[in-house]
Amino acid sequence: MKDGIGNISKRGGESKLWRSRTRSHVAPDRAQPESKFVDQSPWANLPPELLLDIIQRVEESEAAWPARAVVVFCAAVCRSWREITKEIVKTPEQCGRLTFPISLKQPGPRESPIQCYIRRDRATSTYLLFYGLVPSEGESDKLLLAARKVRRATCSDFVISLAADDFSRASNTYVGKLRSNFLGTKFTIYDSQPPCDSIIPSTSRSNLRFHSKQVSPRLPACNYSIGTITYEFNVLRARGPRRMHCVLHSIPVSAIQEGGTVPTLSVFPHSFDEQLSPLASSRGNEPVIDTRSPSLPATPVCSLGSGKPLTLKNKAPRWHEQLQCWCLNFRGRVTVASVKNFQLSAAVDPSHNVSLEEQEKVILQFGKIGKDIFTMDYQYPLSAFQAFTICLSSFDTKPACE
């Protein structure tokens, strides 16, 4: 049955997307136009009860990539298959698996972290996030996200995409960016979609993006600020590692309390799917100008009402006298000493009624295991996109913090 599903998806023209090394192996969350052949095939006319049972068994059996691509193929057959697949596939918080692109913006599991690694390419200033423990010899690891560093006069930008060869903000693979200040001590995380329902729209002209020839109604009006990362100054060159704080405006502190939840997107906005899909074919390589000034202050646009945003801080390491270095327990996931290594946990007041166990839990850890290879393990309430942006901030030069 699984071979038949794979053959159907290939006839639908989707196999190139799943097998490309430079493309994300996470399934596109946009409804693709089904061909007449697929719509009129017997596969589209299976009884719903039988179809539900088949896809449910496939989803349960194919738990790891690249075999999990079979679940993706099910969603690519036709509309009825896609709706049932989306109904069966759970969020990473519930099942600990990544399937569709929206999974990258949903919170990770609560009990055990999702383990990934980042590969840095110094020549091209790109950073690739892969799903897996360590790089495999066959290079069959699943690409989740890619980022490219763009140096500007007053700041640095990390443009984040679903594809490793397309970092255009006009592309439907663009998911957000990370922007630093001049000193590299403060970073702002921008999401290409609103992360929650209560959005304060920006009316500033500087947030609009214009095409070189005309105003484009197909592009999102602005990026949404969902968090900030701040590194403490170390002007006296005091002995010790970097100290950082992350304020996530899209996650309330109540999310880590007992029974708390994070506002979670289930799908990308419908208008986003319709507006961005034809851009690549209609405009080619014409430039798109971002008129946002790097010097303008960044204001959070995601409102949590009366709730306070979640704040993360790095865990303080201890000095090891025999090794003569600062040490943290990374549980074997970090093997090379580096100033970039860190672990983040929640920073809460006693009034927030958060258990001590929850306060000590490592929500995100990042560290070096080889030349230009770093591990990234994250869990609830962070998403893969948020965790990746926080780790990217560690790569930027910080002369005032070291």
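## Overall fold

Among contacts in the chain (heavy atoms within 4.5 Å) between residues at least 6 apart in sequence, 65% join residues at least 24 apart. This is a predicted model, in which local features need pLDDT of at least 70 and side-chain atom pairs count only at pLDDT 80 or more, whereas totals for chains, interfaces and linings use all residues. Residues are numbered from 1 along each chain as its sequence is written, and side-chain values use heavy atoms, with hydrogens and water left out.

The chain holds eleven helices and 16 strands, where helices (H or I, at least four residues) and strands (E, at least two) are DSSP runs numbered from the N terminus. Of the 402 residues in the chain, 50% are buried; buried stands for under 20% relative accessible area, exposed for over 50%, and partly exposed for values in between (1.4 Å probe, protein chains only). The accessible surface of the chain amounts to about 19800 Å², with 52% of it belonging to carbon and sulfur atoms; such areas come from the Shrake-Rupley method with a 1.4 Å probe, and for residues only the protein chains shown count as cover.

## Nonpolar cores

A nonpolar core is a set of buried Ala, Val, Leu, Ile, Met, Phe, Trp, Tyr and Cys residues joined through side-chain atoms within 4.5 Å. The largest one has 51 residues, of which Ile118, Leu364, Met376, Phe388 and Ile390 touch the most other members. Helix H11 (residues 384-395) supplies the largest share of this core, with eight residues. Another core, of 16 residues, lies apart from it and includes Val70, Val71, Val89 and Phe100.

## Aromatic pairs and charges over rings

Rings of Phe, Tyr and Trp (its six-membered ring) pair if their centres lie within 6.5 Å, and planes under 30 degrees apart count as stacked, over 60 as edge-to-face and the rest as tilted. By this rule there are eight aromatic pairs. In one of them, the rings of tyrosine 127 and phenylalanine 158 have centres 5.8 Å apart and planes at 55°, so the pair is tilted. Because tyrosine 127 belongs to strand E2 (residues 126-131) and phenylalanine 158 to strand E4 (residues 156-161), this pair ties together parts that are 31 residues apart in sequence. Tyrosine 127 counts as buried at 6% relative accessibility, and phenylalanine 158 counts as buried at 0%. A second example is the pair of phenylalanine 187 and tyrosine 231, which is edge-to-face because the ring centres are 6.0 Å apart and the planes stand at 70°. Here phenylalanine 187 lies in strand E6 (residues 186-191) and tyrosine 231 in strand E8 (residues 224-231), so the pair ties together parts that are 44 residues apart in sequence. Both ends are again buried, with relative accessibility of 0% for phenylalanine 187 and 2% for tyrosine 231.

One aromatic cluster is formed by Tyr127, Phe158, Phe342, Phe366, Phe374 and Phe395. Charged groups also meet aromatic rings, a charge being taken to sit over a ring if NZ of Lys or CZ of Arg is within 6 Å of the ring centre and within 35 degrees of the ring normal. The charged end of arginine 110 sits over the ring of tyrosine 380, at 3.8 Å from its centre, while that of lysine 177 sits over the ring of tyrosine 190, at 5.3 Å from its centre.

## Backbone features

Tyrosine 380 also takes part in a cis peptide bond, which joins it to proline 381 with omega about 10°; proline 381 lies in the loop between strand E16 (373-378) and H11. The peptide bond from tryptophan 65 to proline 66 is cis as well, with omega near 5°, and proline 66 is placed in the loop between helix H4 (48-61) and helix H5 (69-75).

Arginine 331, although not a glycine, has a positive phi of about 55°, and this residue is found in the loop between strand E13 (325-327) and strand E14 (342-346). Asparagine 353 likewise has a positive phi, near 60°, and is located in the loop between E14 and helix H10 (356-360). Arginine 331 is exposed, with a relative accessible area of 72%, and asparagine 353 is exposed at 65%.

## Cysteines

With a disulfide taken as a pair of cysteine sulfur atoms within 2.5 Å, the count comes to zero disulfides. Cysteine 74 is buried at a relative accessible area of 0%, and cysteine 78 is buried at 4%.
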